[in-house]
Amino acid sequence: SSTISTMGVTLGAASIPLGILADKYGRRNMLILGNLFASVSLIGFALTTNVALVLLIAVVQGIGEAAFAVSFSALVADRAGDERRTAAFSLGAFLGWTSGAVGAFAISSVLLIEGFGLSGQQSHVVLYVLVGLLSLSVTPFMLGIHETKTKGQAQRKMILPRKSKKVLVRFSVYSVAIALGAGLFVPLMANWFNAAYGVT
């Protein structure tokens, strides 16, 4: 649970500065950097059992997720335009949640890997490395993303636009509440399965 907490805290803390850097140096670059950090950290989790290193990798993972998150939404909004923005975000959310649900079943592939004579631990290592490499493999597709450069983009200030201030504040409060709930729920469920059924 400390690993998950470290990732969550890092993600939250890194989001604002990385969002500013994405505006200054390019969202596509930040998206690629986020994907690289997240992918490499997955492989890192597989290759070490040292607690200090695992927590360090969790920090890298949190930074990677933050860099990806702050860039992805902005790029979708930029590329879709006003007319198609709602449809683009809806499709993105649908694909994200669907692939997340499908990906959750990937853990069962450990049984298939064990069929090659590997232990449970070795099979988990192989799975993490494969997922990390799969994540890395999409990086070339990101190089083809184009973003609209706006005049004075680098000089943007971190001030809420007056027109959207109320909506942004409400959306932020809801997002924080959901994230707080997930942050409490995920480690709690892991501990509960361990205590109730002896499942790690």
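A crossing of two helices is called left-handed if the near helix is turned anticlockwise from the far one by less than a right angle, and right-handed if clockwise. The model is predicted: local features need pLDDT of at least 70, side-chain atom pairs count only at pLDDT 80 or more, and totals for chains, interfaces and linings use all residues. Residues are numbered from 1 along each chain as its sequence is written, and side-chain values use heavy atoms, with hydrogens and water left out.

**First stop: helices 1 and 2**

Select helix 1 (2-25) and helix 2 (residues 27-47); helices are DSSP runs of H or I with at least four residues, numbered from the N terminus. Helix 1 passes helix 2 in a right-handed crossing. Their axes come within 10 Å and cross at roughly 155 degrees, which means that helix 1 is roughly antiparallel to helix 2 (angle over 145 degrees).

Next, show the side chains at the contact (heavy atoms within 4.5 Å). Helix 1 contributes T3, M7, L18, L21, A22, D23 and Y25, and helix 2 contributes R27, N29, M30 and F45.

**Second stop: the cores**

Select A14, L18, A22, M30, A66 and A67, which form the largest nonpolar core. Such a core is a set of buried Ala, Val, Leu, Ile, Met, Phe, Trp, Tyr and Cys residues joined through side-chain atoms within 4.5 Å, buried being under 20% relative accessible area with a 1.4 Å probe, protein chains only. Helix 1 and helix 3 (51-104) each supply at least two of its residues, and helix 1 gives the most, with three.

Now centre on A14: not counting residues up to four places away in sequence, A14 touches I63 and A66. Finally, select F45, V54, I57 and A58, which are included in a second, separate core of five residues.

Notes: Buried < 20%, exposed > 50% of the residue type's maximum accessible area, 1.4 Å probe, protein only. Axes fitted to C-alpha atoms, helices over the stretch in contact; angles between N-to-C directions. Parallel < 35°, antiparallel > 145°, perpendicular 65-115°, else oblique.
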